[in-house]
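Subject: Structure for your review

Dear colleague,

Please find the structure below, together with its sequence. I would be grateful if you read the notes that follow with the structure open beside them.

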Amino acid sequence: MTQELARRSISENLSRWGKVLLGVILAAFLLGYPFVFTGPFPQHLMIRIFLFAALAQAWNILGGYCGQISLGHAVFFGIGAYTSTILLIYWHLSPWLGMVVGVLLSLVATLLIGYPTFRLAGHYFAIATIAVGEIARVLVTNWPFAGGAVGLYVPLLPEGLRTFEFHTTKVPYYYISLLLLLAVTTTTWFLERSRAGYYFRAIKADPDAARSLGIPIHRYKLLALAISGAFTAMGGTFYAQYVLYIDPESVLPLMLSVIICLVAVLGGVGTLWGPILGALVLIPLSEGTRVYLAGMGGAGRAFDLIVYGALIVLMSVFEPTGLIGLWRRIQRALEVRVSYARLAAARRGEQTVRGPGSQ
Amino acid sequence: MILLQSVVNGVLLGLVYALIAAGLSLIFGLMEIVNFAHGQFLMLAMYGAYWLAVLYGVDPLFSLPLWTIVLFLLGVATYWLIIARVLRAPMLAQIFSTFGLGVFLQSLAQFFWSPDFRLVPSPLVKGRIEILGLFVGIPELVASLGAVIAFALLYLFVTRTETGRALQATSEDREAAALVGIDSHRMFALGWGIGLACVGIAGVLLSNFYYIFPEVGFPFALIAYVAVALGGFGSIPGAFVAGIIIGLVEVLSGLLIGPAYKYLFVFLVYLIVVFTRPQGLFGRY
């Protein structure tokens, strides 16, 4: 009896109505945020958080669940951004359709990149993705049709949902990015419970064992990359329409691939909430240090990156499972305290703390 | 003639790449960790040589021993402070521990020394000489000669001395080496020290003719990763041959196709090698 009490976690202690209430509060906060915080900076901050949480969540499907560390996801981001922008400039195609075409092209890229590289393991794979990303960057930089090193301006159109451009307000961008995050998170949630999700984790844990169990590991790695790349490409189109200017240094750099991966790693790879948690911490940190510590950067403007770098090192040394790991550690500490309280209550013969299994 | 000139330039450049890659390869061979801060340590060595030359008038050639030792100590410190703690951590944590260190060092350099491009004013070695109708820059020649000497010393150390053999033994089988009384932690620390000392030598030699700025190490490090994979992870002779091949590929593709594409071909070489011969030229996979 007492052991059973101690084993229960905090989330299980919340009653069903408590969970519903929590969900409603969260939804109300997310939906109401742009009306409470009307300034451009808090809205911009939240849009970036959503975008990077979505990108990291997409990366997480391949890197976290399937265990294939990609440091070249900027390729898919770039495909999304460039496809919609080029189609809009040269053929006046709506960015929404451009987004669809971008996703299709990213699927083609998935096959081209994934087919050969998935034969590699560990560091060989990671460095191969760096190589692919850098090759893409060099090619686009030297491709005049795509604007070369100068980049492309998204043509200014009358604002509206149809044109995917909003000049006077950031609020629609806020909801679109929230929707993107929601879509990729829901997909991950379903994947976690699906056969594919179990296959992904089996491949991550031990590729040889997975293969010997009859899992077509090559095909499932490609599937993970396809889902991951498709959402990343959607993020790319969103970025292009939000910033209205793209160039190889902003949508294809190695640093972007690394930051996408980093957000997921900081939060906790292979978990549903990890990438979101990572973005919630990392993006305000990088934006905040850039804004508030800018005064300290006399010579350059790299002070934010100093903090960033130090934080990455500390995190990987002391909490390699990410913020989720840290959270779980706190939770466990709290749990012990709760179960002690329960134990005392049970001894006094009065069940003051009631959980779903205590009847 | 211009082709021959490029071949010479490519080999000279490749020898420096080889030395940087050797340090990376040594570390990887020992503990299967890729040092993603390799380029930033190179940058530190270049700035070190630069500041000693500017502030105290010490020529890079004379500050070379000092920076080799400093980088060696930095390597040992990096091992004990960071790497030793992530040895058993997941691969991602290992990647980001060194990667974060790289970001930290690079932005520190940018913070204190600004993103300006700098050159060591009037170094001792400068100008160029003509050999059989080919022009060879003296700083480049000195750098590649220095790289060859350092490489030879490294090779002799690893194969001919007791400590070097212990290093090799640890690299081959950590547990077995521990059984015969080799402290693997000390060997790892030594490996980091030597690995970064290689980078220190390369950085100081490069500072004689290369622009110095906070991001200077990045392309060198990328090339070193390619060289290490090409030569085979952990193989020091492999890194040597691969460095020269990459130097040649870079210079020749720059000449024949266009300078904008030179790194593209370096990365293509990497992909072709890992797809067709994943263990690299001399690797044991």
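Which residues in α6(A) and α11(A) meet? Please bear in mind throughout that this is a predicted model. From α6(A), the residues taking part are A:Pro95, A:Gly98, A:Met99, A:Gly102, A:Val103, A:Ser106, A:Leu107, A:Ala109, A:Thr110 and A:Gly114. Their partners in α11(A) are A:Lys221, A:Leu222, A:Leu225, A:Ala226, A:Gly229, A:Ala230, A:Ala233, A:Met234, A:Gly236, A:Thr237 and A:Gln241. Sorted by class, the residues of this contact comprise 11 nonpolar, 9 polar and 1 charged.

As to the geometry of this pair, helix α6 of chain A covers residues 95-117 and helix α11 of chain A covers residues 217-243. Their axes lie 8 Å apart, and the packing angle is about 145°. The crossing of α6(A) and α11(A) is right-handed.

The contact of α1(B) with α8(B) has 20 nonpolar residues and 3 polar ones, with no charged residues.

Finally, some totals for chain A. The chain contains 16 helices and 2 strands. Of its 359 residues, 44% are buried. Among the contacts in chain A between residues at least 6 apart in sequence, 74% link residues at least 24 apart.

Yours sincerely

Technical notes
Residues are numbered from 1 along each chain as its sequence is written. Chains are lettered from A and ligands numbered from 1 in the order in which they are written. This is a predicted model: local features need pLDDT of at least 70, side-chain atom pairs count only at pLDDT 80 or more; totals for chains, interfaces and linings use all residues. Axes are lines fitted to C-alpha atoms, for helices over the stretch in contact, and angles run from 0 to 180 degrees between N-to-C directions. Helices (H or I, at least four residues) and strands (E, at least two) are DSSP runs, numbered from the N terminus. A crossing is left-handed if the near helix is turned anticlockwise from the far one by less than a right angle, and right-handed if clockwise. Two residues are in contact if their C-beta atoms, placed from the backbone, lie within 7 Å. Ala, Val, Leu, Ile, Met, Phe, Trp, Tyr, Cys and Pro count as nonpolar, Asp, Glu, Lys and Arg as charged, and the others, Gly among them, as polar. A residue is buried if 20 or more other C-beta atoms lie within 10 Å of its own, exposed if 12 or fewer, and partly exposed in between; C-beta atoms are placed from the backbone.
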